[in-house]
Structures are given as C-alpha cells and as structure tokens.
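Here's a quick briefing to read alongside the sequence and the 3D view. Have both open as you go.

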Amino acid sequence: MTDQHGGLEDQNQARRAQIATKYNVYILPENKKVEANQGDTILDASLNAEIPHTHACGGNAKCTTCRITVLENADHLQSPSVKESRVLKKFGLEGQFRLACQARIHGDVKIKREVLDVLDMKLFTPKSRELFKSIQPLGEERKAAILFADIQDYTPFTDHFAPYDIMHLLNRYFYLAGNVIKKYEGRIIDYYGDGFLAAFYLDETKVSMQAVKSAFALFAMVDSLNDYLQNLFHQNISIRVGIHTGDVILGAIGIQGMDKLAVIGDTVNVASRIEQMNKETKTNLLLSETTYHEVAAKVTAGRTFQKRLKGKNGLYQLYEVKAVKDTEG
Ligand code: FES
C-alpha cells in the first residue's frame, strides 16, 4: 500500500517537475527570448509571445509557412515526425528547415523564422474575418462541391449584341444565378467572362446534392431569362455545368477592403475540366464519379462517359444527370 502510494507520489512529482520545466527559445529576427514549457512547439512559444508567426494551415503540417531554421541546439527539438518529414521532403526543404508547429521543445534553442509575416497578418483584416466567419482566417481545408457554369457558344452569341447590352445581360444573369446558388447554401466565388465558379462547403453531407439541385435551378432560371431575352433581343442562351466534390482550401484573399473568399485545390481544376467536357459530350450537366455516387439515389442518370481531362492523367468516369428526383431541402 505504502509502495503504491509512494509510486503515485513519485509520478506526481515527476509530472510536476515536467510541468515546471521551462526552456529559453531565442527567436530571430525579433531577437527575442521567449520562455517555453517542455513539450511546447516552437509555434506555441512564438504565438504566446505575440510574435506574428505565420501558420497558414493552422499548425497541421499541411503547409510550410511556419518554417524555421534552427541556429543552435537542433538536438533540443524532438526529431521530425513522419508527418513533418513528408511535408519537408515534398517541398525539397528536408535537412534545411523545421516546421515550427511540429517541432517540440526539450531544451534551450535558437531559431530564425523564415516567412516574415507582418504584412501577411495585416492582410487578414477584421472585415475578412467577419465576412467569412465560418472559415479560418488563414485558410481551411474543407470538403466542398465545386460547380462551374458557362454560357454555351457565348462568343458567337455576343455578335448579336452591343457591348452595353452584353453587360446588362451578364449582370442580370449573374444576379439571378447568385440567388440560385445562395438558395442552396453555396457562394459564387469567381466570375470568368461568361462563366462562374460556385462552392458549396457548409455541410459536407449535403454539398454534392446542393450543387446538383443548384444546377437544375440554374437551368430553370435560364429558361425564364430566355423569355426576357426573346422579347428584348430575339435571342436565347443555354448554359453548361460541371460539378466535382473533394477537398479544397477555403480562405480569404485580397488586399484590405477588397478581400474575397478564394477556393483552391485540384478539386477546382477537375470541376473546371468537367464543365468544359460538356462541349465534347454534347451535354449540359456532367458530374464527376465522386459527386455522382453521393447523389445517385436521388437523381435520374443519363449517359456515362470515360474521358481524359485536359492536364490530368488517366481516364475519368463522368455522369450525365437528367433530373433530380428528390426536391426536398
Ligand atoms: S502551420 Fe502549416 S505546417 Fe506549420
């Protein structure tokens, strides 16, 4: 009993000693001495000392913006984990840098921050934080459904219009499209001439279906817009849509006062290529395999295609969808 009690006491003492152990971290270029606890990361130490140490992925070993050079006592940092080594290797930084968010301290150490970020930190203004309050200010990885839409045969179509008429038509089209996307909890992220990119990212269990429903609502919107265009210009438009679901980085981008939400990643590139493929397959709506499998039970499928996408390796299975069965939500 006494032994047991003594054992516990020893453990507690060791824990207390560990908690109490403090080390000095010298941080350049600030030339600041910062106190850190045993086991803290360099990033913890920096941020605790209010040094604006860049950490774009939030300390998850998914970027290299927190990178540091260790100037003294590299062996006072825990060796790089598999996760850290993988990232450093991928970007050719192995042996040269450490990731501050992964490097745990167990002795005094001197380091230099490599991404100097006073400006970077200013870029993420309170306004952008407010505007994108569901997104981390420095970007965040999310599952999203990405929808690209463009107007079919737009260039020959514009020959029938004066430039101001085109501006008027596009404004009207984008306004109505924006309302449709918003209705299904998406957001138009970018406009490209006659096309746009929308992202659905709020509820990952629903994003694919929300994007597909939006596509059909966009087609219906264009039908009513065509009544208007017929009256005024004796012309019709039709649109093509491509959708792909996957991981993206969402974040605020742009200079102060002009911040906007940006969406980045291969998912976006694939969605764009799928939308362009409609031209070859003579379809108006194509889904990637991932998106299709998430909505298959609730849609009426059309043709399937196996295609190579520009700039991508291998064959992609693409699905035409004719209608949505489930109109709930
Ligand atoms: S913050 Fe992205 S890897 Fe450290």
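First, a term: a residue is buried if 20 or more other C-beta atoms lie within 10 Å of its own, exposed if 12 or fewer, and partly exposed in between, with C-beta atoms placed from the backbone. Thr267 is buried on that count, since 22 other C-beta atoms sit within 10 Å. Keep in mind that this is a predicted model, where local features need pLDDT of at least 70, side-chain atom pairs count only at pLDDT 80 or more, and totals for chains, interfaces and linings use all residues. Residue numbers start from 1 along each chain as its sequence is written.

**The chain overall**

- The chain has ten helices and 13 strands; these are DSSP runs numbered from the N terminus, with helices being H or I of at least four residues and strands E of at least two.
- Of the 329 residues in the chain, 34% are buried.
- Two residues are in contact if their C-beta atoms, placed from the backbone, lie within 7 Å. Among contacts with a separation of 6 or more, 67% join residues 24 or more positions apart.

**The H7/H8 pair**

- Helix H7 (residues 163-183) and helix H8 (residues 207-233) have axes that come within 10 Å and cross at roughly 155°. That makes H7 roughly antiparallel to H8.
- For the angle, axes are lines fitted to C-alpha atoms, for helices over the stretch in contact, and angles run from 0 to 180 degrees between N-to-C directions. Under 35 degrees counts as roughly parallel, over 145 as roughly antiparallel, 65 to 115 as roughly perpendicular and the rest as oblique.
- On the H7 side, the contact includes Tyr173, Leu176, Ala177 and Val180; from H8 come residues including Ala217, Leu218 and Met221.
- The residues of this contact split into ten nonpolar, one polar and three charged. Here Ala, Val, Leu, Ile, Met, Phe, Trp, Tyr, Cys and Pro count as nonpolar, Asp, Glu, Lys and Arg as charged, and the others, Gly among them, as polar.

**Nonpolar cores**

- A nonpolar core is a set of buried Ala, Val, Leu, Ile, Met, Phe, Trp, Tyr and Cys residues joined through C-beta atoms within 7 Å.
- The largest nonpolar core has 47 residues, and Ala144, Ile146, Leu147, Val212, Val241 and Ile243 have the most contacts inside it. H8 supplies the largest share of this core, with seven residues.
- Apart from that core lies another, of 20 residues, including Val25, Val34, Cys101 and Ile105.
- In soluble globular proteins, nonpolar side chains tend to be buried together.

**Residues to click on**

- Ile243 is in strand S9 (residues 239-253) and is buried, with 30 other C-beta atoms within 10 Å. Beyond four places in sequence, the contacts of Ile243 include Ile146, Leu147, Val212 and Leu287.
- Ile146 is in contact with Ile243, Val263, Thr267 and Ala271, among others, once neighbours within four places in sequence are set aside.
- Thr267 lies in helix H9. Leaving out neighbours within four places in sequence, the contacts of Thr267 include Ala144, Ile146 and His244.
- Leu287 belongs to strand S11 (residues 285-288) and counts as buried, with 32 C-beta neighbours inside 10 Å. Leu287 and Leu318 are 31 residues apart along the chain, yet their C-alpha atoms are separated by 5.7 Å.
- His293 is found in helix H10 (residues 289-295), where 14 other C-beta atoms within 10 Å make His293 partly exposed.

- The Leu28 to Pro29 peptide bond is cis, with omega near 5°. Pro29 sits in the loop between strand S1 (22-28) and strand S2 (32-37).
- Glu185 isn't a glycine, but its phi is positive, near 65°. Glu185 lies in the loop between H7 and strand S7 (186-192) and is partly exposed, with 16 other C-beta atoms within 10 Å.
- Lys282 also has a positive phi without being a glycine, at about 55°. Lys282 is in the loop between helix H9 (266-281) and S11, and counts as exposed with 9 C-beta neighbours inside 10 Å.
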